Amino acid sequence: TEPHAHVAPEYLQSIEDVLKIGSSANAEWFRRTGPIAVDFADGCVVPRPSALRKLEELVREHDISVLTGEGATGKSGLARALAHKLYADAQSRIFQLDVDHFRDFDPIAIAGIINRTDGLIIIENAHLRPADIQVLLARLNASRASRLLLVARSSFRVAQLSRRDSLQSLPSLCLKPFEDVSTIVEYYASRHAYLPWISAHTDAIKIASRDSLWLLSYALEGYT
């Protein structure tokens, strides 16, 4: 097997599968299911070095941390960029758990799996089940070898729950809406230099996008 290869425990998906490492897929811009390894390798993911550095520092300094932001602010893409970087650095076993994929989300069972797992575990869409996430966190062992990164919309941190441990107390990084829009447009334009990227066009694209990275992706793809 490859040096990185490992079998994911129940409920968890290995980062090799998430990023489709070693697959024959073609690179895509703005992949609807999230960027994969070939997208990063071929430069089809807009670099966000400052945000990526802050997220990596957050994950290294805390055993549980949160990446928050409104919809279409690039949370999942940034989390995958971190996973891709750590995988390339061969510094960590990495797994993903997407809350949205499970009807029978059992926080107690999943906490037991996390307690027995070594590596970084990225929990996507944590805002969909804040009460279950709270139960899961309460069942984690302080001595476990795993770290958690919860990826969620901003509402997750203000969930009104009656439990003693507040989700608001977790260390977090919040992505602001549209904070990198100019960088995204400039980077995309540089990779499609055969088109006339005049300021009137790029300004119209930004206006049409209306504070959504999804709308921005449609506008850029439509322009090309």
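**Calls and cut-offs in a predicted model**

Q: What do the numbering and the values rest on?
A: This is a predicted model, in which local features need pLDDT of at least 70 and side-chain atom pairs count only at pLDDT 80 or more, while totals for chains, interfaces and linings use all residues. Residues are numbered from 1 along each chain as its sequence is written, and side-chain values use heavy atoms, with hydrogens and water left out.

Q: How do you know that Lys-75 has no salt bridge?
A: A salt bridge needs a side-chain nitrogen of Lys or Arg within 4 Å of a carboxyl oxygen of Asp or Glu. For Lys-75, the nearest side chain of opposite charge is Glu-124, 7.3 Å away. Lys-75 sits in helix α4 (residues 75-88). Among the residues Lys-75 touches are Leu-67, Thr-68, Val-151 and Leu-175.

Q: Why is Thr-73 called buried?
A: Its relative accessibility is 3%. Buried means under 20% relative accessible area, exposed over 50%, partly exposed in between (1.4 Å probe, protein chains only). So Thr-73 counts as buried. Thr-73 belongs to the loop between β2 (64-69) and α4. A polar atom of its side chain lies 2.8 Å from the backbone oxygen of Glu-70.

Q: Why is Asn-125 called partly exposed?
A: Its relative accessible area is 21%, so Asn-125 falls in the partly exposed class. Asn-125 is in the loop between β4 and α6 (130-138).

Q: What makes the phi of Asn-125 worth a remark?
A: Asn-125 is not a glycine, yet has a positive phi of about 60°. Most residues other than glycine have a negative phi. Phe-30, in the loop between α1 and α2, has a positive phi of about 50° and is not a glycine either.

Q: How do you know that the buried residues of α9 line one face of the helix?
A: In α9 (residues 213-223), Leu-213, Leu-216, Ser-217, Ala-219 and Leu-220 are buried. Seen down the axis, they fall within an arc of 165°, so they line one face. These buried residues pack against α7 (181-191) and α8 (199-209).

Q: What makes Ser-212 a cap for α9?
A: A side-chain oxygen of Ser-212 lies 3.2 Å from the backbone nitrogen of Trp-214, at the N-terminal end of α9.

Q: What makes a set of residues a nonpolar core?
A: Its members are buried Ala, Val, Leu, Ile, Met, Phe, Trp, Tyr and Cys residues joined through side-chain atoms within 4.5 Å. The largest such core here has 25 residues, including Leu-55, Leu-67 and Ile-94. Helix α4 gives the most to this core, with seven residues. Apart from it lies another core, of 24 residues, among them Tyr-11 and Val-66.

Methods: Helix = DSSP H or I, 4+ residues; strand = E, 2+ residues; numbered from the N terminus. Arc of directions from axis to C-beta. Contact = heavy atoms within 4.5 Å. Polar contact = N/O pair within 3.5 Å; in protein donor to acceptor, adjacent residues only side chain to side chain. Lys, Arg positive; Asp, Glu negative; His and termini not counted. Lists of a residue's contacts leave out its neighbours within four places in sequence.
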